Amino acid sequence: MILTSGTATASPKTQKFLAHEHQLLIDGHWVPATTGKSFDVVNPADGTTIASVAEGGQEDINKAVAAARKAFESGPWHTMTASERGKLIWKLADLMDQHIEEFAEIESLDNGKPKAVAQAADVPLAIDLFRYMAGWATKIEGTTIPISVPYLSGAEFHSYTLREPVGVVGQIIPWNFPLLMAAWKLGPALATGCTIVLKVAEETPLSALRLGQLIQEAGFPPGVINIITGFGETAGAALSAHPDVDKIAFTGSTEVGKLIVKAAGDTNLKKVTLELGGKSPNVILPDADLPSAIAGAANAIFFNHGQCCCAGSRLFVHRSQFDQVVEGVAEEAKKIKLGPGMHPDSGMGPMVSQIQQDRVCGYLEAGLHEGATAVVGGKKHEGAGYFVEPTVLVDTHPQMKVIQEEIFGPVVAAVPFDDIEEVVATANNSIYGLAAAVWSKDISKAHRIAKRLKAGTVWVNCYNVFDASLPFGGYKQSGWGREMGHEAIDLYTQTKAVTVQLA
């Protein structure tokens, strides 16, 4: 365990940002919460307070939605050309590019993830997403449709479709990839011409607030992007149920996703997209390249401390190689150095909060009580911070909570199998369907299995490969709709059919 590091190791720019008074961004202005309340932001590596942010609530959501509505209906955003919108989004990406290290430090201190990981993955992926979506702004097109109307013989018509922005969008993002999830949500909404109220996770609000400063610097009109910090049961619930919000987009747990669906249905039947939980199967076939598969299986579950909706938390290995793979993944786990994200040698940071640490440890205790064996790990790390040891479980059975439920921590359950039919059926035996992976040298066999797996993303001989052009989302209770790619553009637009009778 590495015990050194903290806010003192951050750059002067980051320390200056943390010392700011962190308010809400509403209608182009930074304002305090209506109630005057604020709450502390904690560094999960040591439990210390690193900042205080405004605690937005119902009235702040009302103000933000009103600002977004005004910007959508009558502000300069309403009259901007698609090219002008695209240039603004690209400018925001360029500004982010100038502050990569600062964003990485903010993510590390706020979320706990290693700075090196945020600097190599989270921040560049967020920048790339904005640039990808900037290009889409000028490529949203309708179609012309030749129609034949039997009951109007001889009449001539010109019919076409328009793709128009949905309108005011409420977006709620999680704490595991704070900046990246903000980009995934904001990018397509801005490209299509929507206006936004972004409610960020209370555990990790800081990178979105820093992004808000760059949004102002880029020159987005007031009210186009409003950023609210606050709690889910107040600000999040108010946004989900608001009658003047046209669409809600949420990333988080399936349980909360169901509440959002109910809130949307009980008010104005607003459009809803959801990217929810997962219990992703990772299947290693007998002909796989084992060194690559072992390293990939470790990355699948230990990346981002296992706090990843698509984490490969169910590892299926052919019985003939089961012991070898389990030993290999356990050895990879033993190599990981737990420590504060700001330490240069840290391989895995803490859970985002004590609540999350307790949740993960609760699953570990339940699994061990029900008969599972921890080959490595199996408990929290005693001392400062919310650390949980990377864990490999064996001797599980299908009814165990550690097999059925999303743990959202660095815990993988390894299960042997004997034939392909068995493993495909077992892999699909889940309420979730977010991601899956297959490892095999037989690419034809891998393609056939990929087709049968009920998941929105299937990786073959790799894991955690993301790109702005690839749609991401789930089957079953892993959600509705897709993030990224042109599918995301489709979900922020609606189709209008226009028919004109020609003289």
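Mentor: Contact means heavy atoms within 4.5 Å. Helices (H or I, at least four residues) and strands (E, at least two) are DSSP runs, numbered from the N terminus. This is a predicted model, where local features need pLDDT of at least 70, side-chain atom pairs count only at pLDDT 80 or more, and totals for chains, interfaces and linings use all residues. Residues are numbered from 1 along each chain as its sequence is written, and side-chain values use heavy atoms, without hydrogens and water.

Trainee: Take helix H12: what does H12 pack against?

Mentor: The buried residues of H12 pack against strand E12 (281-284), helix H11 (290-302) and strand E13 (314-318). They also pack against strand E14 (373-376), strand E15 (391-394) and strand E16 (411-417).

Trainee: Which residues of H12 are buried?

Mentor: Cut-offs come first. Buried is under 20% relative accessible area, exposed is over 50%, and partly exposed is in between (1.4 Å probe, protein chains only). In H12, the buried residues are Phe322, Val325, Val326, Gly328, Val329, Ala330 and Ala333.

Trainee: Why look at the spacing of such residues?

Mentor: An α-helix has 3.6 residues a turn, so residues three or four places apart point the same way.

Trainee: How many residues does H12 have, and what span does it reach?

Mentor: Compare with an expected span, 1.5 Å times one less than the number of residues. H12 (residues 322-335) has 14 residues. From first C-alpha to last it reaches 20 Å, close to the 20 Å expected. Helix H2 (58-73) has 16 residues and reaches 22 Å, close to the 22 Å expected.

Trainee: Which residues of H2 are buried?

Mentor: Asp60, Ile61, Ala64, Val65, Ala67, Ala68, Arg69, Ala71 and Phe72.

Trainee: Is Ala264 buried or exposed?

Mentor: Ala264 is buried, because its relative accessibility is 2%. It belongs to helix H10. Beyond its neighbours within four places in sequence, Ala264 contacts Ser240, Leu269, Lys270 and Val272. Ala264 and Asn62 are 202 residues apart in sequence and 16 Å apart in space, C-alpha to C-alpha.

Trainee: What domains does the chain have?

Mentor: Domain bounds come from an automatic or database domain assignment. Here that assignment gives domain 1 (12-276 + 480-497) and domain 2 (281-467). The contact between them takes 27 residues from domain 1 and 27 residues from domain 2. Their C-alpha centres lie 31 Å apart.

Trainee: Now pockets. What is the volume of the largest pocket?

Mentor: On a 1 Å grid over the protein atoms alone, a pocket is an open set of points where a 1.4 Å probe fits, with protein on both sides within 12 Å along at least five of seven lines; lining residues have an atom within 4 Å of a point. Points are joined across faces, edges and corners, and volume is the space filled by probe spheres set on them. The largest pocket has about 1100 Å³. It is lined by 42 residues, and Trp175, Ala201, Glu202, Glu203 and Val256 are the closest to its centre.

Trainee: Where does that lining come from?

Mentor: Domain 1 and domain 2 each give at least three residues to the lining of the largest pocket. At least two residues come from each of strand E3 (38-43), helix H9 (232-241), strand E10 (247-251), helix H10 (254-266) and helix H13 (354-369). Classes: Ala, Val, Leu, Ile, Met, Phe, Trp, Tyr, Cys and Pro are nonpolar, Asp, Glu, Lys and Arg charged, the others, Gly among them, polar. The largest pocket's lining has 22 nonpolar, 11 polar and 9 charged residues.

Trainee: And which residues lie nearest the centre of the second largest pocket?

Mentor: Arg85, Arg163, Pro165, Thr192 and Gly193, out of 14 lining residues. The volume of this second largest pocket is about 280 Å³. E6 gives the most to its lining, with 3 residues. By class, the lining has 7 nonpolar, 3 polar and 4 charged residues.

Trainee: What is the phi of Asp27?

Mentor: Most residues other than glycine have a negative phi. Asp27 has a positive phi of about 55 degrees and is not a glycine. Asp27 lies in the loop between strand E1 (24-26) and strand E2 (29-31). Asp27 is partly exposed, because its relative accessibility is 29%. Asn304 also has a positive phi, near 60 degrees. Asn304 sits in the loop between H11 and E13. Asn304 is buried, with a relative accessible area of 5%.
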